[in-house]
Amino acid sequence: KPYDGVRLDVDTVVSKDIQSYLEKSYGVPPVIKYVGGGIPIVIDLKSSLDAEIMLVPLGNDDCNMHGVNENFSIDLIKKGISFSKDFFSKK
């Protein structure tokens, strides 16, 4: 079934918070990159919840996603956990 695309706003307060936490965890500013592909539920969540939706990929660019020899760097797992801890425990 086809689904509508969504363009996420990277200039919102939530997005800027996410970018700040990512920079703290990874030591460099995040790269904002628009890509094709999609996750159909994202547009449903955005419209149903009337909430900001952010997708935060934590993997490596060369991970060979969903392919043979898919991989994920242990170092990136640690950084992703650090980001998640900071973001989800913010007050």
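Reader: Which residues are linked with Lys 24 in a network of salt bridges?
Author: Lys 85 and Asp 86. Keep in mind that this is a predicted model.

Reader: How far apart are the closest N and O atoms of Lys 85 and Asp 86?
Author: They are 3.6 Å apart, and the pair forms a salt bridge.

Reader: Lys 85: buried or exposed?
Author: Exposed. Its relative accessibility is 55%, and the cut-off for exposed is over 50%.

Reader: And Asp 86, buried or exposed?
Author: Asp 86 is buried, with a relative accessible area of 10%. Buried means under 20%.

Reader: How many salt bridges does the count come to?
Author: Four. One of them pairs Asp 75 with Lys 79, with the closest N and O atoms 3.1 Å apart.

Reader: Where are Asp 75 and Lys 79, and what separates them?
Author: Both sit in helix H3, residues 74-88. They are four residues apart, so about one helical turn lies between them.

Reader: Next one. What does Lys 16 form a salt bridge with?
Author: Asp 11. The closest N and O atoms are 3.4 Å apart. Lys 16 is partly exposed, at 43% relative accessible area. Asp 11 is exposed, at 58%.

Reader: Switching to nonpolar residues. Which ones form a patch on the surface?
Author: Ile 39, Ile 41, Leu 45, Leu 49 and Leu 55. Together they have about 460 Å² of accessible area.

Reader: Where is Ile 39?
Author: Ile 39 is in the loop between helix H1 (13-26) and helix H2 (41-49).

Reader: Why does Ile 39 count as partly exposed?
Author: Because its relative accessible area is 49%.

Reader: Last topic, Ser 73. Where is its place?
Author: In the loop between H2 and H3. Ser 73 counts as partly exposed, at 30% relative accessibility.

Reader: What distance separates the C-alpha atoms of Ser 73 and Asn 60?
Author: 7.0 Å. Along the chain, Ser 73 and Asn 60 are 13 residues apart.

Definitions and conventions:
Residues numbered from 1 in each chain as written. Predicted model: local features only at pLDDT ≥ 70, side-chain atom pairs only at ≥ 80, totals over all residues. Heavy atoms only, no water. Patch = residues over 30% accessible without salt bridge, like charges linked within 9 Å, V, L, I, M, F, W, Y side chains within 5 Å. Areas by Shrake-Rupley, 256 points an atom, 1.4 Å probe, with all protein chains shown as cover. Salt bridge = Lys/Arg side-chain N within 4 Å of Asp/Glu carboxyl O. Helix = DSSP H or I, 4+ residues; strand = E, 2+ residues; numbered from the N terminus. Buried < 20%, exposed > 50% of the residue type's maximum accessible area, 1.4 Å probe, protein only.
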